[in-house]
Amino acid sequence: MASTNDLKNGTVLNLDGNLWSVVEFQHVKPGKGGAFVRTKLKNVLSGKVVDRTFNAGTKVDTATVDKRDMQYLYKDGEDFVFMDSSTYDQITVAAATVGDAANYMLESQEVIIATHEGTPLYVELPTSVVLEITYTEPGLQGDRSTGGTKPATVETGAEIQVPLFLEQGTKVKVDTRTGDYLGRVS
């Protein structure tokens with residue numbers, strides 16, 4: 001148990017049998033009446049975001065979330081297999097839990113997996129990854145970086161938007177949170 005005064009971004013709360021991660025919080029002290037804490041909470045499993053207000057000093061139930069560095073090994077049917085970097089234990093994580101992270105994961109890539117009581121909650125990728133373009137329309141003479149964009153398929157099978165001058169086989173840096181092109185890698 002913790003007080004609402006101890007809340008921080010990233011703290012995981014156990015409310016009504018669900019796990020909620022604190023996205024943002026604000027301690028409010030109005031001119032009259034008691035102080036309160038306004039929070040924005042994200043459901044760890046479904047991703048749903050809700051606003052919730054607590055009276056200041058109220059006790060809330062915090063959940064212990066274990067974050068571990070793991071290495072992505074391979075895809076087994078619909079599931080993904082990861083190995084703990086320190087103990088070499090392997091765990092299988094369902095595709096629904098991995099979610100959009102699958103678009104940017106290469107084999108042997110390091111990721112962080114958050115678990116609660118042995119159940120994987122979500123997969124956290126580095127903020128950017130380097131991927132190779134496996135297919136895109138050929139660039140034309142005169143295409144410059146200030147021009148438009150075109151779709152390109154990267155080696156994980158995800159489709160991203162890249163500048164017109166990029167060719168097949170080029171390595172690019174991709175933001176894993178938004179899927180945006182960040183630049184070429186030589």
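A residue is called buried when its relative accessible area is under 20%, and exposed when that area is over 50%. In this predicted model, T11 has a relative accessible area of 18% and therefore counts as buried. T11 lies in the loop that joins strand 1 (2-3) to strand 2 (12-15), and its side chain reaches the backbone oxygen of K8 at 2.9 Å.

The C-alpha atom of A158 is separated by 8.9 Å from that of G179, although the two residues are 21 places apart along the chain.

| Residue | Relative accessible area | Residues touched |
|---|---|---|
| T11 | 18% | W20, S21, V22 and T62 |

Five strands, in the order 14-13-12-15-16, form an open sheet in which the pairing is antiparallel. Strand 14 and strand 16 (181-185) stand at the edges, and because each has a single partner strand, one side of each is left without a neighbour in the sheet. From one strand to the next, the twist averages 50°. Within this sheet, strand 12 (residues 128-136) and strand 15 (residues 171-175) are paired in the antiparallel sense over five bridges, and E132 stands opposite K171 of strand 15.

Technical notes:
Residues are numbered from 1 along each chain as its sequence is written. This is a predicted model: local features need pLDDT of at least 70, side-chain atom pairs count only at pLDDT 80 or more; totals for chains, interfaces and linings use all residues. Side-chain values use heavy atoms; hydrogens and water are left out. Two strands pair if DSSP finds at least two bridges between them. Helices (H or I, at least four residues) and strands (E, at least two) are DSSP runs, numbered from the N terminus. Axes are lines fitted to C-alpha atoms, for helices over the stretch in contact, and angles run from 0 to 180 degrees between N-to-C directions. Buried means under 20% relative accessible area, exposed over 50%, partly exposed in between (1.4 Å probe, protein chains only). A polar contact is a pair of N or O atoms within 3.5 Å; within protein, one must be able to donate a hydrogen and the other to accept it, and residues adjacent in sequence count only if both atoms are side-chain atoms. Contact means heavy atoms within 4.5 Å. Lists of a residue's contacts leave out its neighbours within four places in sequence.
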